[in-house]
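Open the model in your viewer and keep the selection tool ready. We will go from stop to stop, and each stop tells you what to pick and what is there.

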Amino acid sequence: MCTPLYFTETWRFAPEDRAPVRELISIYKEHRDQLYEGYVFALGDSPDDTSWTGFQNYHPEKDAGYLTLFREI
C-alpha cells in the first residue's frame, strides 16, 4: 500500500511537467513513515473491472489511518 512504483526518467520531463511529480513525491514522503507503522486491510471486492477495491491503513495507537481506493475503468 505504501511503496509507490513510478518508473520514469524525470530528468527528461520539461520543468513544468516535473513540478507536479515533485509535489506528489514530497506529499508521499511526508506520510511514508506513518504508512509503514499501520496495519493494512483489504477493502471492497476483488478487482473485476466493475467494482471498487482498495486498502485501509490503520494505526490503533494513534486512532488514525489512510484509505486508498481504486475504481477500474
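**Stop 1: a strand and its sheet**

Select Phe 55, which is found in strand E2 (residues 52–59). Helices (H or I, at least four residues) and strands (E, at least two) are DSSP runs, numbered from the N terminus. Before going on, note that this is a predicted model, where local features need pLDDT of at least 70, side-chain atom pairs count only at pLDDT 80 or more, and totals for chains, interfaces and linings use all residues. Residues are numbered from 1 along each chain as its sequence is written, and side-chain values use heavy atoms, with hydrogens and water left out.

Now show the whole sheet. It is an open sheet of three strands in the order E1-E2-E3, with antiparallel pairing. Which strands stand at the edges? Strand E1 (39–44) and strand E3 (64–71) do; each has a single partner strand, so one side of each is left without a neighbour in the sheet. On average, neighbouring strands of this sheet are turned by 20° against each other, direction ignored. The axes behind that angle are lines fitted to C-alpha atoms, for helices over the stretch in contact, and angles run from 0 to 180 degrees between N-to-C directions.

Strands of a sheet pair through backbone hydrogen bonds, either parallel or antiparallel. Here, two strands pair if DSSP finds at least two bridges between them.

**Stop 2: across the strands**

Select E1 and E2. They pair in the antiparallel sense over six bridges. Pick Phe 41: its bridge partner in E2 is Gln 56. Stay on Gln 56 and look to E3, where Leu 67 stands opposite. Eight bridges join E2 to E3, and these two run antiparallel. Another pair to pick is Trp 52, with Arg 71 opposite in E3.

Follow E2 into its hairpin with E3. Four residues lie between the strands, and Asp 63 takes a positive phi near 50°.

**Stop 3: buried or exposed?**

Select His 59, in strand E2. Is His 59 buried or exposed? His 59 counts as buried because its relative accessibility is 11%. Buried means under 20% relative accessible area, exposed over 50%, partly exposed in between (1.4 Å probe, protein chains only). Leaving aside neighbours within four places in sequence, His 59 is in contact (heavy atoms within 4.5 Å) with Glu 37, Gly 38 and Ala 64.

Go back to Phe 55. It is partly exposed, with a relative accessible area of 32%.

**Stop 4: salt bridges**

Side chains of opposite charge can pair when their charged atoms come close. A salt bridge is a side-chain nitrogen of Lys or Arg within 4 Å of a carboxyl oxygen of Asp or Glu. How many salt bridges does the structure hold? There are two.

Select Glu 9 and Arg 12. The closest N and O atoms of this salt bridge are 2.5 Å apart. Glu 9 counts as partly exposed at 41% relative accessibility, while Arg 12 counts as exposed at 59%.

Next, select Glu 37 and Lys 62. Their side chains meet in a salt bridge (3.0 Å, N to O). This pair links distant parts of the chain: Glu 37 is in helix H1 (residues 15–37), Lys 62 is in the loop between E2 and E3, and they are 25 residues apart.
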